[in-house]
Structures are given as C-alpha cells and as structure tokens.
Amino acid sequence: MTSDVTFIRISYRIIVLTLLALTLGSIASLAAIAFIEAVDWMNDVLLISPRSRIQLNNPFLLTAATVLVPTIGGLIVGFLIQKLTIEKRPLGPADAIKAVQLRTFLPDTRSGFVSTLASLVSLGSGASVGQYGPMVYMGAIAGNFASRLKLDIPNIQTIAIACGVAAAISTAFNAPIAGLVFAHEVILRHYSLQAFAPTTVASATGYVFANIIFDSPPLFLVHFDGVAFGYEFLLFAILGLVCAFLAVIFMRLLASTSAFSEKLSLPTIFKPAIAGLAVGIIALQLPDVLGIGKEALRFATIEGAFSSGELILLLIAKMVLTALCLGFGFAGGVFSPSLLIGILFGTLCWTLLDFISIPNSGVVVYAICAMMALTSPIIGAPLTTILIVFELTHNYDLTIAAMVSVVFANLLAYRLHGRSIFDVVLASKGVDLSSGRDRAMLENINILTLDNTDFANLKDTYSIEESLIQLKQVGRSAGAITNHNNIYLGVVRTIDLIGEESQAITNLIRKDMPVLNEKTSLWQAMSALEGFTGEAVPIVDSSNGELIGMVPESELITAYQKIANDIRDEENEGI
Amino acid sequence: MKAFNHFFIFLLCSYFSTTLLYGQSELTIATWGGSYENAQQTALFQPFEVATGTLVNTQKYSGDLAILNSDLLPDIIDMTLGDALIACDKKLIHKLDYKQILIKDKKHENPKSDFVKHSILPCGIAHLSYSTLIAYDEREFTGEKPQTISDFFDIKRFPGKRALNKSPSDILEWALIAEGVPIDQIYDLLSTERGMRIAFRRLDSIRDEIIWWDNPRQAASLLSTGKAVMASGYNGRFFSAQLDGAPITMIWDAQIIDWNVWVIPKQKDSNSKTVLKNNFIRFVIKAENMAKLAEIIPYGPSRKSALRRIGLHAEQGFSMRDQLPTATHHLDRALFRDANWYANTQNLRKTRFWDWLNQNKMGDAKEDN
C-alpha cells in the first residue's frame with residue numbers, strides 16, 4: 001500500500017515537473033526571442049544599428065538621433081525605474097540568485113516587468129548594456145509564477161526559477177548544455193538530481209524554439225583549424241591571468257561608478273539620461289559603442305579589421321560607457337559588454353603577439369579565449385562560458401584553449417575580487433554567499449520573526465518572592481527585569497533567587513548574559529549563543545534600550561535546523 | 001469559364017479599341033538582351049503578339065536608372081528590385097493599378113496570395129528571381145576545382161584573370177563572405193565603415209587580376225574565349241552558355257539572389273496605351289507564361305502556381321526546377337540581396353567604388369579593361 005502511494009506520488013511529480021519544465025522552457029524561450037527581436041526592431045527604427053544608419057542619407061538627422069536617442073532613452077528608463085518600481089533599481093540575475101539561495105521571493109512582479117521594459121528601452125535606444133541579464137530575469141519571473149501554483153512539490157520555486165533561467169540562456173546562445181549548466185552554476189549553485197531533470201528539459205525546449213522553430217542566427221561563427229603550437233597553451237593561460245586583471249578593473253570600475261552616481265546630488269530620475277548623452281556624444285566619433293556591438297564582436301575575429309589604436313580606444317570607451325550606463329541607472333546586464341570587451345582585448349593581445357613575431361594559430365583563438373576568460377569571472381560561470389564556446393563553435397580545439405584561459409582567469413579573479421559581480425553586489429546588500437548558503441540564509445532571518453512573547457517580565461520593584469511566583473506562573477526558569485519605563489536591566493534565574501529573599505532583585509542579575517537586538521540575524525544569534533546554557537535570550541531595542549521580548553533557545557535551534565534540513569533536502573532530493 | 005470569357009472579351013475589346021484608334025499598336029520593352037531576352041521572346045513577347053496583335057519591340061537595358069531620364073523612354077522596363085525601389089522613391093515610375101493587373105480567376109480567388117512574399121510592390125511586380133554567382137572555365141582547372149567564394153579570391157591556388165561587373169554590386173558582399181563573415185551578417189557588417197574597408201581590402205588582393213565587364217552577355221564569353229578563368233554573372237546566362245557547349249561550371253557558394261521587377265516608366269499616356277501596358281503585365285505574369293519562361297532559362301518565377309508548373313527543358317529533357325537559384329540544393333549558402341539596403345546605399349557604394357577604382361589607376365597603371 002505504502003509503495004503504491006509512493007509510486008503515485010513520484011509519478012505525479014515526474015509528470016508535473018516535466019510539464020512544468022516544458023511550459024517554462026517555452027515561455028522563457030519565447031520571451032527571450034521576443035526580447036531580442038524587439039531590441040533589433042528598436043535599434044533599426046531608432047537608428048542605432050549600423051544597417052539602419054547607413055541607409056539614412058541625412059547627416060543632420062543621423063547626428064541628432066545619435067545624441068538624442070540614448071539621452072531620451074535614459075529619461076524614459078529613469079522614469080520607469082524611479083516612478084513605477086518599488087525597488088527603485090533595475091532587477092537582474094543577482095535578485096534571482098538571492099531568491100533561490102535564500103529561499104525567499106523575487107521582488108514584486110510589477111517591478112520585474114517594469115525593469116524588463118526598462119532594459120528593453122535601454123538596449124533599444126543604444127545604451128551600452130547587456131541583453132542577457134534581463135533575459136535571465138525574465139526566465140526567473142516565469143519560474144516565480146509557476147512556483148505560486150499549488151503543485152505540492154518540494155523546492156518548486158528553486159526548480160522553476162532554474163528552469164526559466166536555463167531556457168533563457170539556452171535560447172540566447174543556441175546552447176542548451178550551457179543553459180543547463182548556467183542554471184546550476186550561477187542560480188542553484190549546487191547540483192541536485194531533482195532540479196537537473198527539469199532544467200535539462202527546459203533548456204532543450206529553449207534550444208528547440210531558438211534553433212528549430214525560429215532558426216535564429218548564431219551569435220558568432222568562426223573558422224579555426226586547431227592550435228598549431230604546443231607553447232600556445234601557456235600563452236592561453238597567461239592571457240587568462242591578464243584577462244582576470246582586466247575583469248577586476250572592469251568590476252571595480254562598475255562599482256565605483258555606482259558609488260559616484262549615488263554621491264552625485266542630482267535627481268536619480270535624470271541620471272540615466274546623462275549616461276545616455278555621454279554614449280551619444282562618443283558614438284558620433286565611435287559608433288561601435290552603441291548597443292550590444294554585434295558588428296564589432298564579429299569584426300574582432302577578422303585579422304586586420306581593427307588597428308591596435310582602434311582596439312585600445314574602443315576597449316576603453318566600451319568599459320567606461322558600460323560602467324557609466326549601469327552605474328547611472330540604465331537597466332541591463334554585464335554579460336554582452338564583457339563578451340565584447342574580452343574579444344577586443346584578445347584581438348589586441350594577438351596583435352601584440354603578431355607584432356613581436358611569435359608564431360601562433362591566428363587571431364580567432366586568442367579573441368575567443370579572452371572573450372570567455374574576461375566574461376567568466378564577471379558572471380561567475382567558468383563551466384558555462386567554456387560550454388558556450390563549444391556549443392557555438394562546435395570546435396573542440398577552440399574549447400580546450402578557452403578552457404585553459406577561463407580556468408586561470410577565474411582562479412585569479414576569485415582571489416582579487418570574489419566569485420562574481422552578482423556575489424559582490426549581493427554582499428554589498430548584506431547577502432554574503434561567499435561563506436556558504438547556510439550562513440547567507442541564516443543571516444537573512446531576523447530573530448524578530450521567531451516567537452519572543454512567551455517569557456517572564458519582572459519589574460525591578462518586585463521582591464524575590466513576587467518574582468518567583470511570576471516565574472512559576474509563566475513556567476520559565478529565567479526572566480528579564482525591566483524598570484518602570486520598560487528599559488531592560490538584565491536577566492535573573494530561578495536558581496539564583498532561591499534562598500536570597502532578603503536581596504534586592506537587581507543585585508542578582510546575571511552578568512554573562514548575551515543580549516540580542518532587533519537587527520540580530522539568526523546567524524548572529526547562533527554565534528552569540530556559543531557556549532551559552534540558558535533557556536531564552538533577551539531582545540533589546542538598540543535605539544532606546546527597551547525590552548522587546550525573549551526568544552527561547554529552542555526556537556533558535558528549531559529555526560536553524562529547519563534551514564539546515566531544507567538545504568539538505570533540496571540538494572539531495574531525487575525527484 | 002465565365003471569368004475566362006470575360007477576360008477574353010476584355011482582351012478582344014482592348015485589342016480592337018487600340019488597333020481601331022491607332023492602327024497596329026506597339027509596345028517597347030526595355031530588357032537585358034542575350035539569352036534572357038531570347039527566352040522572353042519565345043515564352044512571353046511572341047505569344048503576347050499573337051494573342052493581342054500588338055507589336056512588341058525591345059530596347060537594350062543594362063540596369064542603369066538613366067534610362068528613365070532618356071528621350072527614348074520605353075513603355076515597360078524589366079528592372080532589378082533595388083533600382084525599382086529607387087525609381088519608385090523618386091517617382092519616376094507609375095504606381096501599378098493592381099485592379100487591372102491581378103485579375104481573379106477560377107484557381108486564384110485572391111491572386112496576391114499566389115505570389116511569394118514581398119513580390120507585389122507599389123510601383124512594380126517582382127516576377128522572377130535570378131542569381132548572381134561565379135562561374136569558372138573547366139579547361140583552366142584540370143586538377144583541383146574552385147568551389148567556394150574564398151577560392152575566387154585565392155589567386156595563388158587558382159591563378160588567372162577574374163571578370164567582374166564594373167559596379168559596386170555583389171563584389172562587396174563576396175569580399176566579406178570570403179573574409180569568413182557569416183552570410184546572415186553580411187549586410188549588418190557591410191553597413192559599417194570597417195566592413196566597407198575590409199571588403200575593399202579583399203578586393204585589393206585581386207585587383208591586378210580583374211577584368212571588368214559592363215554587359216551581362218560578356219561574362220560567359222570572357223570565359224569561353226579564355227580571357228578570364230572565373231567570372232561573375234547571372235545563372236541563366238551561364239546556363240545558356242553551357243547548353244551552347246561552353247565548358248563552364250557555376251559555383252553556387254555565396255550566390256546572391258535578387259528579383260527582377262516589371263515597371264512602367266512615368267510618361268503621358270492615352271488611356272488605351274495604359275490599358276495595353278496593364279494587359280502586357282497581366283499576360284506575362286500568368287502562371288503558365290512564367291513557367292514557360294523558366295523552362296527555357298532557369299530563373300525562378302514569383303508565383304507559387306508557376307513554380308509548380310515548371311517541367312523539363314524542351315531540348316535537353318532535364319528538370320528545370322533543379323536548375324533554379326532557389327532549388328533547395330542551391331540554397332545552403334545563398335545570400336538574399338537586401339534590395340532596400342541596395343537602394344539606400346547606392347550613392348555611397350558608387351562613390352566608394354569609383355574612389356577605389358581611381359586609386360587603382362593612380363597606384364598601378366596595369367588596370368585591365
């Protein structure tokens with residue numbers, strides 16, 4: 001009988017998860033395709049794409065559009081984000097990571113949609129931001145919707161968000177394995193059999209949509225005949241290390257531009273427009289900086305398409321403008337700009353190599369290696385980037401070369417900066433994933449969410465006898481003493497009161513008692529209680545010293561255990 | 001049947017009305033000469049003459065918009081799509097009166113839907129697809145044969161003169177494809193200053209080996225006379241040359257597919273002349289006539305029902321459908337020309353092209369012509 005029930009339950013889960021993965025895969029994939037199409041359409045209409053720019057035989061209009069489109073785009077983005085979202089900032093993969101890692105909810109759906117719209121406007125009007133972040137977030141929104149259905153499947157939110165994200169990446173790069181791995185590497189950050197099957201189905205669905213139904217063109221097609229010289233692998237490793245430095249510089253630049261923007265005494269709503277204006281003015285001389293830069297990405301793998309001077313100029317312009325656009329509040333990701341910066345840098349390094357006449361296998365492999373070596377530490381996804389190379393180029397030699405660069409880049413960048421830009425952003429908001437998911441989850445729970453009302457509140461005017469009666473009534477072996485203003489004075493234990501009837505109660509207060517406040521997280525509480533043997537801990541308002549309540553130790557341990565169990569279940573669940 | 005009767009009566013009326021008023025009526029059609037025009041004569045013009053008694057004259061045309069400003073303005077022109085878009089934009093050609101041209105018949109309740117997408121334009125009707133591609137002289141390459149557009153640019157492996165159309169069409173696309181740019185991205189990349197630069201750089205690499213042609217008929221003859229080892233040209237003409245015994249082979253890699261469009265130049269017309277022009281277009285875009293043309297010369301009709309009717313070549317007996325540029329085995333690496341892009345970048349391309357040619361002259365006196 002029991003096995004029948006288990007069989008039915010497991011069959012139910014398998015069917016529901018498969019259907020869910022198919023549905024989410026389709027939705028996220030269609031959303032991603034629609035997003036790309038909409039950006040392309042806007043780029044054509046708004047004279048951002050070179051193909052539309054060259055066909056306009058009106059220099060005045062072209063100049064005006066180049067400057068005004070990103071500026072007005074900035075104004076619209078500023079309005080959307082500041083007036084229509086609750087968070088007052090664009091949402092992105094970091095929010096999806098936070099929701100999954102801490103098992104909390106995504107920010108509200110309206111903010112999510114408005115943020116997506118804002119990234120569409122940003123990309124459509126030529127801001128120097130990436131398109132994959134918003135696509136990943138759209139996948140996460142789809143997953144979040146699914147998790148609200150009453151499907152009675154454990155960890156449904158985690159799985160559903162991972163499915164949406166996997167399909168988005170799979171569609172965006174025509175790379176189903178990379179989509180699947182990205183969901184595990186960046187969003188789930190662990191491997192579980194329960195999530196693996198649905199994300200694979202969703203990723204494959206995304207691939208079917210992108211490749212078979214819509215036949216989207218690949219991001220890049222390159223021709224590579226293989227690595228000609230053994231010593232080049234050493235060069236790839238060195239390239240990886242150099243890319244790590246550049247990646248760290250880029251991430252620091254992003255962070256410092258954000259900080260600078262916050263200090264700037266200017267209405268936040270207008271800040272994106274300033275970045276847009278900067279993009280427009282620079283684009284007058286250097287149109288490659290507009291938008292994602294698909295054309296520049298392609299040219300980078302053609303020998304001699306750029307001179308070294310042009311490469312350096314475009315590299316710096318792209319880094320500064322991306323930092324400016326993201327720091328000043330345009331909505332979008334860092335993935336595509338990183339790809340472009342990386343590939344330009346790779347081409348530059350190859351030019352140098354060629355200049356000093358070191359025999360090599362050509363520009364393609366150096367460009368691709370640097371592209372991935374720079375991107376991987378930024379998004380914290382070494383495996384994904386290696387697989388993207390493999391799936392996009394179908395070239396094994398190129399993949400191995402990229403792997404060497406990526407690994408070294410990640411090693412160094414991790415030491416210098418952290419696991420990814422998302423982790424650094426989250427850490428700055430108090431979610432530190434670097435010491436493990438359990439700690440981050442414990443940090444995310446405030447002790448006020450636990451029951452703290454069941455305790456004995458003793459007044460400093462009480463006699464010992466009165467206090468003992470009170471403690472007996474509540475059934476506690478310790479109580480908190482407050483004065484007539486409810487100011488916390490300390491804790492006394494029954495055992496210390498017995499036989500001390502002549503004493504004033506304030507003389508019997510225990511000195512070694514840990515005290516928590518309204519900001520204490522579960523993690524901090526657990527640390528504070530190390531070596532503590534008692535029944536309950538007082539919580540005192542840090543601003544005025546008033547007693548809030550006492551949280552029983554058993555509550556803390558139960559809450560801790562629940563999180564530990566949840567994580568263990570999620571990471572080890574079969575289906 | 002009823003519809004056919006109406007149509008027949010209509011044709012008779014228009015024939016008699018024009019002949020009564022003007023005696024023998026005439027139409028001048030500007031078209032491209034050579035084997036293409038011969039095929040049109042057999043499949044379209046002569047049957048039209050027989051059916052209506054109108055005399056069809058032809059005027060030589062090799063794709064220059066200057067014809068629209070000349071004194072000898074033809075009645076109808078068989079124009080490339082890009083030129084037709086420019087001419088329409090400049091209001092040099094009439095908007096077509098599709099009520100008169102696309103007549104419902106028994107099979108086609110809505111004749112528009114029988115045409116492939118985008119072939120019904122405001123100022124013209126795209127009637128056939130043709131391919132511009134590279135062909136080579138078999139006698140010159142007895143060993144390894146050139147197979148891709150990169151081979152065309154490889155003068156070390158495949159030495160010899162290359163004959164190219166003296167215009168900034170096709171060659172820029174080919175130069176970029178030879179650089180390894182995916183076909184899907186050609187126009188995106190050619191739209192940048194850098195793309196143009198790379199394309200001309202690639203052309204530079206073969207500049208001493210180029211022979212320019214102006215008239216499409218020259219392409220095949222330059223090959224058969226041994227003056228060039230490879231040449232760009234139109235698939236139909238190469239096909240005809242092959243039938244005539246020329247030892248040439250077409251390279252379908254990076255073929256560029258484009259459309260020809262029937263247009264009516266703007267001029268003051270009597271009503272009857274307008275009717276006659278509409279009648280002509282209506283006649284030549286009938287599915288059976290389009291199919292008949294494609295059975296002589298392998299250019300793809302724009303009507304789906306015409307495609308279905310294409311049978312065997314009258315003399316050679318092989319399927320003509322397999323010879324079309326749009327036959328599936330030719331489409332793997334085909335580039336569909338972006339006619340709007342062509343129309344809008346014409347001046348720019350011309351300027352760049354002539355600058356490049358003149359540079360050539362100044363830098364190197366060996367230019368072949």
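A disulfide is a pair of cysteine sulfur atoms within 2.5 Å. The views below come from a predicted model, in which local features need pLDDT of at least 70, side-chain atom pairs count only at pLDDT 80 or more, and totals for chains, interfaces and linings use all residues. Residues are numbered from 1 along each chain as its sequence is written, chains are lettered from A and ligands numbered from 1 in the order in which they are written, and side-chain values use heavy atoms, with hydrogens and water left out.

**View 1. B:Cys88 and B:Cys123 form a disulfide.** The S to S distance is 2.0 Å. Over all chains the count is 1 disulfide. The torsion about the S-S bond of B:Cys88 and B:Cys123 is about 50°, so the disulfide is right-handed. B:Cys88 sits in helix H3 (residues 81–89) of chain B, and B:Cys123 in the loop between strand E4 (120–121) and strand E5 (124–137) of chain B, so the pair ties together parts that are 35 residues apart in sequence. Helices (H or I, at least four residues) and strands (E, at least two) are DSSP runs, numbered from the N terminus. Both B:Cys88 and B:Cys123 are buried, meaning under 20% relative accessible area, with exposed over 50% and partly exposed in between (1.4 Å probe, protein chains only).

**View 2. A:Cys325 and A:Cys369 of chain A are buried.** A:Cys325 has 0% relative accessibility. A:Cys369 has 1%. A:Cys369 is in no disulfide. Its nearest cysteine sulfur, that of A:Cys243, is 8.6 Å away.

**View 3. Domain 1 of chain A meets domain 2 of chain A.** Chain A is assigned domain 1 (2–213), domain 2 (232–434) and domain 3 (442–563); the bounds come from an automatic or database domain assignment. The C-alpha centres of domains 1 and 2 of chain A lie 21 Å apart. In contact (heavy atoms within 4.5 Å) are 49 residues of domain 1 of chain A and 49 residues of domain 2 of chain A. The area buried between these two domains of chain A is about 4100 Å², and carbon and sulfur atoms give 72% of that. Buried area is the accessible area (1.4 Å probe) that two parts lose on being put together, summed over both. A:Ser128, A:Glu185 and A:Arg189 supply 16% of what domain 1 of chain A buries here, more than any other three residues.

**View 4. A:Lys294 and A:Asp40 form a salt bridge.** Their N to O distance is 3.3 Å. A salt bridge puts a side-chain nitrogen of Lys or Arg within 4 Å of a carboxyl oxygen of Asp or Glu. Between domain 1 and domain 2 of chain A there are 2 salt bridges.

**View 5. Domain 1 of chain B touches domain 2 of chain B.** Chain B is assigned domain 1 (2–129 + 260–309) and domain 2 (130–257 + 337–363). Their centres, taken over C-alpha atoms, are separated by 30 Å. Here 20 residues of domain 1 of chain B contact 15 residues of domain 2 of chain B. The buried area is about 1400 Å², with 61% from carbon and sulfur atoms. In domain 1 of chain B, B:Trp32, B:Pro298 and B:Tyr299 lose the most area to domain 2 of chain B, together 30% of what that side buries. Between these domains of chain B the count is 0 salt bridges.
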